[in-house]
Amino acid sequence: MDVTVVGSGPNGLAAAVICARAGLKVQVVEAQPTFGGGTRTQADFEFPGVEHDVCSAVHPLALASPFFAEFDLPARGVTLAVPEVAYANPLPNRPAAIAYHDLGRTSAELENGASWRRLLGPLVDNSDAVVTFMLGDKRSVPDSLLTAVRLGLRILAQGTPVWRSLAGEDARALFTGVAAHAISPLPSLVSAGAGLMLATLAHSVGWPIPVGGSRVVAEAMIADLRAHGGTLTAGVEITEPPGDVVVFDTAPTALLRIYGGALPHGYAKALRHYSFGSGAAKVDFVLNGDIPWSDPRLQRAPTLHLGGTRAQMAHAEAEIAAGRHTQWPMVLAASSHIVDPRRVDDHGRRPFWTYAHVPSGSDVDATETVTRVVERFAPGFRDVVVAARSLPAARMSEHNANYVGGDIAVGANTVWRAVAGPTARLNPWRTPIPKVYLCSAATPPGAGVHGMCGYYAARTVLRREFGITEMPMLSP
């Protein structure tokens, strides 16, 4: 075997696909009984006609990231449904703020739409350049310096206390909700960067939802890997060095357990001091009808940010970062059945996917907290709840070993980590252990279902280990 990939998340599969297409013998080893990492879907144990997305549910980068753009999921039979409403942010005692796929319509409904258009219009017009820059290896000159400058200035504005430059309470909440995906104190440069990229995509390619659940993304990658001779093994945990060239789609700290004393002292010390960020507690609901939103427009919104106003979200994220629970945490929610009716079973039951931001390692069941938050904007929500499946942050690693303490970003979101990776190395996908590489979300460009961490790790492996300098084609 030429290359062993440990972990089958989207980055591990991306690295495996690239290496296999380059003509190498590749195997993927996964500790979980099913493949996909953060892109998995499983049936409810009580209502098997209802399927829950285990980790990710909505995929803004499934069409836009350079890896997936070339891999071309739609050409492989994956339907990525792009909703009319990209995401929505309900607000207390007033109409919700709605981010439509259409930038003009979004601006028209905001109380100061001109401010929203000024912030995002130039970025939407150059969406490809924005994505290329944000998902770049942070070591190359940007293709579009003008777009990089525009983006940088907006990151500085929205990532610092001058974020008030965005006018209108509804627009501020609409941006803050999407920035909060970074699970980082608000404002911050990291959250601003994530928010600008995701908001830009909302108005360019949209926020697609895979029809059939997140697993179809992993299944398409697995099919391509097998077509090029790759093999996959599930239910096997790697506890000792696998040998040959190894690419780890794992938290960097896993290397401490696997390699132990074979790690260079300085690197081992750095891994022992590796910091994870705040956590996410997951609650999957089974509903028997539509959610009774106070604002009926939310019936068309598959993705919701339920944190309230900008001030409320900033307060909640500060509390979480300080290790304290809050009565109104940031809650992300998805009703995938809105664009994927097959997610509704024969009895009208459907999944409702939610995450609540909580302190790292929290063992609190978030069901009641999330229910109260939804009830703020949808009185009577409890009446349509058939069942709730809760997984506290402390147990998120049962779904994915990378989610230490519930940290779905596999490491604290900081500018330093976004650029340097898990430790201070010129090439963050390399480790000081010969023939051992990292490709998880702990490496640049960070978290998200985009495959680019795997892409850059595979590029490094091909060049350094096999002398292959030309990346293989990824199209079907």
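Me: Which residues form one aromatic cluster?
Reply: Phe67, Phe68 and Phe71 form this cluster. The model is predicted, so local features need pLDDT of at least 70, side-chain atom pairs count only at pLDDT 80 or more, and totals for chains, interfaces and linings use all residues. Residues are numbered from 1 along each chain as its sequence is written, and side-chain values use heavy atoms, with hydrogens and water left out.

Me: How many aromatic pairs does the structure hold?
Reply: The structure holds 12 aromatic pairs. Rings of Phe, Tyr and Trp (its six-membered ring) pair if their centres lie within 6.5 Å; planes under 30 degrees apart count as stacked, over 60 as edge-to-face and the rest as tilted.

Me: Why is the pair of Phe285 and Phe352 called tilted?
Reply: The centres are 6.1 Å apart and the planes form an angle of 40 degrees.

Me: What makes Phe285 and Phe352 buried?
Reply: Buried means under 20% relative accessible area, exposed over 50%, and partly exposed in between (1.4 Å probe, protein chains only). Phe285 has 1% and Phe352 has 0%, so both are buried.

Me: How do you know that Arg310 lies over the face of Trp163?
Reply: A charge sits over a ring if NZ of Lys or CZ of Arg is within 6 Å of the ring centre and within 35 degrees of the ring normal. Arg310 lies over the face of Trp163 at 3.8 Å from the ring centre, which is within the 6 Å limit.
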